[in-house]
Amino acid sequence: MLDVVGSIPIVDTHEHLEAEVDRLSRVQDPLSNFMHYVCDDFFAQGMTPEEYAILTDRGRPWEERWPVFERYWDYAKTTGYGLALRIAIRELYGIGDLTRDTYPKLVEAVKNRATKGFYRWVLERANIRRVIIDHGDNTGESLPKFDRDLFTGVIRYEGIVFIKNWRDLANASRRLKAPIHNLSDLESAFRRYIRETLPNFVGVKTSYPAYWQSLKFEYATFNEAEYALKAVIQGKEGFRDYAPSLDTVKPLQDYLFRVMLSEIEALGKPFQIHTGIQSSCNADGTPTNAVYNANPTLLINLFREYPSVKFILFHASYPYSREAGVLAKQWPNVYLDLCWMHEINPKAYEDILSEWLELVPNNKIMAFGGDYGYIEGTYGASRIARQAVARVIQEKVDKGHWDKEDAEKVAGRILRQNAEAVFKLTQ
Ligand SMILES: [Zn+2]
């Protein structure tokens, strides 16, 4: 079954990769480049922000930074994040494990590979045909530096929706290229901006509410939103750093979130949303939000209000994966994406996929999105995912529930065809 699954060219629904030219233009430094996610498991052991700064400081010789890595790696290499990294360096660079002896060899191997065509080389080895890139809050131009044969993009509008103070409002005004004196100005400029930019992308992505606030969006009227905007605008007259409370500005965000959803609905694009576990891989290593604020059941009112928007719940909503499965079973407009999950917890990825395939119609599940900032991570994640998919579908055959054709068909759908259909990708 692994051969069958291995032969499927994957559509990777979610990555944070920088353009290849940018990756190649920087110093090839695995101790900083390859720490994405592994650092979560270093912070979980108590790594301090100072240690993290040393570890990722490319200006220092690696020998000075190595003791920090060594202090935490032996305990972290057994997690899914550690596994993805070890698979990547073994299969791409021929390095068995990261030790003081092997590290200089890894640096050499990475440097030698860092030439034009590097991304294609990795993606071909992973048999990944197409990658959807999430570049954070971008300008509206779609991936100017990427090879469009391999990559396509989603856009974020978070900088406009999640206004908290007058600085955010000023930034939104600049991005929208429109003066904003009241809610009508803001709404019409935002709607126009979405209509101009969204056709260049295959969908919209949002992470902000799960990372910083909550996935609960109450209904707000125009007047309530305008009242909140008034507090934001008035802040300009007072202290420079004045910001109204979140409770005060929330109706504005709730209103603008719906403005965005209504345009997504009008343009028929899918909506990717972060749910569940948040990475703590940031400068101070502390979680930015309580995980219960990222429970996907908080979105139910929006599923009801926007029945024709396809809501794609990211990261298996882990640990709320059973809730996510139930949501996709109940709501025709809810889809499930296991991106990032294969390396968060490879065992749970397998169990959840297996459960979902008996709970949810198989055209609503997408099984792969590396979610990495460096392409070697994408490779490692793809190996974990393929093996797990092969085991899961084999088990259904062994139990006598599916025949072999069912299994092959489902593998093709969850690794490729479902994403092609949802994002309307043409080969
Ligand atoms: Zn991501």
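**Reading helices and a loop**

Tutor: This model is predicted. Start with helix α19 (residues 346–359) and helix α20 (residues 375–398), which pack at an angle of about 40° with their axes 9 Å apart.

Student: What does that angle make α19 relative to α20?

Tutor: Angles under 35 degrees count as roughly parallel, and 65 to 115 as roughly perpendicular. The angle here is about 40°, which makes α19 oblique to α20.

Student: Is the crossing left-handed or right-handed?

Tutor: α19 passes α20 in a right-handed crossing.

Student: Which residues in α19 meet α20?

Tutor: P346, Y349, E350, L353, S354 and L357 do. Their partners in α20 are I384, A388, V389, R391, V392 and E395.

Student: How do I read the sides of a helix?

Tutor: An α-helix has 3.6 residues a turn, so residues three or four places apart point the same way. Now take α14, residues 222–234. A225, A228, L229 and V232 are buried there. They cover an arc of only 100° around the axis, which puts them on the same side of α14.

Student: Which residues are exposed on the other side of α14?

Tutor: N223 and Q234.

Student: What do the buried residues of α14 pack against?

Tutor: Three helices: α11 (166–176), α12 (183–197) and α15 (246–267).

Student: Where is E141?

Tutor: In the loop between β2 (128–134) and β3 (151–155). E141 and I155 are 14 residues apart in sequence and 9.0 Å apart in space, C-alpha to C-alpha.

Methods. Residues are numbered from 1 along each chain as its sequence is written. This is a predicted model: local features need pLDDT of at least 70, side-chain atom pairs count only at pLDDT 80 or more; totals for chains, interfaces and linings use all residues. Helices (H or I, at least four residues) and strands (E, at least two) are DSSP runs, numbered from the N terminus. The expected span of a helix is 1.5 Å times one less than its number of residues. A residue is buried if 20 or more other C-beta atoms lie within 10 Å of its own, exposed if 12 or fewer, and partly exposed in between; C-beta atoms are placed from the backbone. The arc is that of the directions from the helix axis to the C-beta atoms. Two residues are in contact if their C-beta atoms, placed from the backbone, lie within 7 Å. Axes are lines fitted to C-alpha atoms, for helices over the stretch in contact, and angles run from 0 to 180 degrees between N-to-C directions. Angles under 35 degrees count as roughly parallel, over 145 as roughly antiparallel, 65 to 115 as roughly perpendicular and the rest as oblique. A crossing is left-handed if the near helix is turned anticlockwise from the far one by less than a right angle, and right-handed if clockwise.
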